[in-house]
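Please examine the sequence and the structure shown below. The report that follows is written for a reader who is new to protein architecture.

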Amino acid sequence: MKRNRLFILAAASFFNVLCLMACAQEHTANEKKLSVANSITQSTVVLNNQDSIIPLKSLDKKNIASVSLGFSYSMVFDSLANKYDKVSSFSASSYKDSVNLNDLEDDLKYFNTIIVAIDDQSATQAKYVNFIKSISKTKKIILAVFGNGIALKTFDTLQSPIVWTAQNSTDAAAIVPQYIFGGIAAVNKLTTAFSPRYTVGSGFVTVKTRLKYTVPEDAGLNSNDLKGIDAIAAEAIGQKATPGLVVLVAKDGKVIFNKAYGTHTYDTNVPDKVTDIFDLASVTKVTATTPSVMRLFEEGKLKLDTNIGAYIPKARTTPMNNIQVREVMLHQAGFIPYIPFHDYVKTGDYSRDSSAAFPTKVADNYYIKKGFFKDFMWPKMLNSPIRTRGKYVYSDISMYVMKDIVEHISEEPLNVYTYENFYKPLGMQTAGFLPRNRFKPEQIVPTEQDTYFRKTLLVGYVHDQGAALAGGVSGHAGLFASANDLAIIYQMLLNRGTYGGQEYFKPQTVDMFTSKQSNVSRRGLGFDRWDPDTSKHYPSDLASPQTYGHTGYTGTCVWVDPSRGLLYVFLSNRVNPTVTDKLSNMKIRGRIQDVVNKAIDESGK
């Protein structure tokens, strides 16, 4: 027995030594990576930017293509560009048989912004130079030039913006797109004259407007101090708290950690990827409904102290009529927590095939009858009893109500309004409702193997039963997104309303909605917050009193801590194959958050 214990201790000690070695190697490797990145940024210059095209603005008005003209690292370049907006990739190598690149130019007809990547060697080819000169006459182009600078002379008469870096490498390919989209600010001038136009001192200064993608060391953190995230993720998967998860951390506007763990389900070997799309559950409340309320409030179209009946005609003859919007947003309206609508579905209310009588898709091979929400669910909610008005009782009904108010005022469905006003202009590519209309099922992480209601594995259909019966678009659930998309919109909130050179909210609006607004709960308006009852350790032991965000039933959360410049996203599908409380009981989300909090605090940054 004693020998076994000694063996275990020795093994554990050996593992710790290995871990320390690996950690040290990662920290050293990241320091070297950062040093290389810094040397690239010190020699990167933005030219021809007199019209301030760089960094790109108004992404909702742009259809962007990236064209590689013999550039060796186009995959890395395009991968980074796609973190900011949808960028379609083209390569001249696919048009090898043509004497010129007219066919390529023809294939770009639907794009209004073309990013061209080229190196010194390729810039000597007349075919490529002629293509650039031709397409620059009809399209907005941005030239990314890699190499020692001799190529710049070739483009001496070009009016379009150029990002030039002296390096031609994978690292450089990952950095230049960040200048174009505003992840990195340009500060350098040419120190060598390359042509009559590109002389010593040429160069434009730009500002950082979007997230930067980098290593923890770039934000003053040590990679070693984040190793605990791997261990907690492994524990969560090993204990079957969730089959897989994605964690993203941004500090001071820099994404310093974004990693996927595990698999889509326990019985497949499909690995989770950082680009995967998750069912956000109640994170919908603060990523769709609340921003819509904030926008309409700012525009003076929605007033927090006006009653529900003023906005919803159907509510005027119900118990809800006199309740104020502010009470709804604080979960103090007295609504019951939820109504299990799926328990009311009878045979004859649904069909396995769609038809005019059964138009609303709830899941694969499940269609609910026409009017089920409007004629049954909505009246049942509006007429539900008001029992606890003035007290804090978390209720999904609140956000059904807010969705309807937003739609009455904006005169648009919530899914359309949020896409047009936030997701598209911000460059969020996956965020939205009804993801199966836009993405392949393989990109979407499955939730529950629903054995009691829809009798199928849910992939891209909202897990929440009420939201599903409402057609997949609801104020409390139904939003799907990747971790990167959430990072974008919450960085905008952390910036107090601005992102990508555009103001989405006034700073005081963000401050008001995200700060404590209730005398009976920890909540802001729509947003959940740090709990002052320290025995709750919510959302984590080390979270600061400024922390705001939300959790989701499917095993998701997003938390913003302005005091640390921190943004934390955790996505999982803990309801697969069936609902389990292990993720909460093991405090997985909060413990990972505290690994990050501790790393920041120890760094002194």
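The model is a predicted one.

Strands of a sheet pair through backbone hydrogen bonds, and the pairing may be parallel or antiparallel. Both senses are described in the sections below.

Strand E7 is joined to strand E9 (residues 254-262) by 2 bridges, and the two strands run parallel. Within this pairing, tyrosine 213 has valine 255 of E9 as its bridge partner.

## Strand E21 and its two hairpins

Strand E20 (residues 548-552) pairs with E21 in the antiparallel sense, over 5 bridges. In this pair, threonine 551 stands opposite cysteine 557 of E21. The two strands form a hairpin with 3 residues between them, and glycine 555 in the turn has a positive phi of about 105 degrees.

On pairing with strand E22 (residues 566-572), E21 is again antiparallel, with 5 bridges. Here tryptophan 559 stands opposite tyrosine 568 in E22. This hairpin has 4 residues between the strands, and its glycine 565 takes a positive phi near 65 degrees.

## Burial of E21

How many of the residues of strand E21 (residues 556-561) are buried? The strand is mostly covered, with 6 of its 6 residues buried. Thr556, Val558 and Val560 point one way from E21, while Cys557, Trp559 and Asp561 point the other way. The residues pointing in either direction are all buried.

## Histidine 331

Histidine 331 is located in the loop between helix H9 (325-329) and strand E11 (350-351). Is this histidine buried or exposed? Histidine 331 has a relative accessible area of 1%. A residue counts as buried under 20%, and histidine 331 is therefore buried.

Leaving aside residues up to four places away in sequence, histidine 331 touches Lys391, Tyr392, Val393, Tyr394, Ser395, Ser398 and Arg523.

Technical notes. Residues numbered from 1 in each chain as written. Predicted model: local features only at pLDDT ≥ 70, side-chain atom pairs only at ≥ 80, totals over all residues. Heavy atoms only, no water. Pairing = 2+ DSSP bridges. Buried < 20%, exposed > 50% of the residue type's maximum accessible area, 1.4 Å probe, protein only. Contact = heavy atoms within 4.5 Å.
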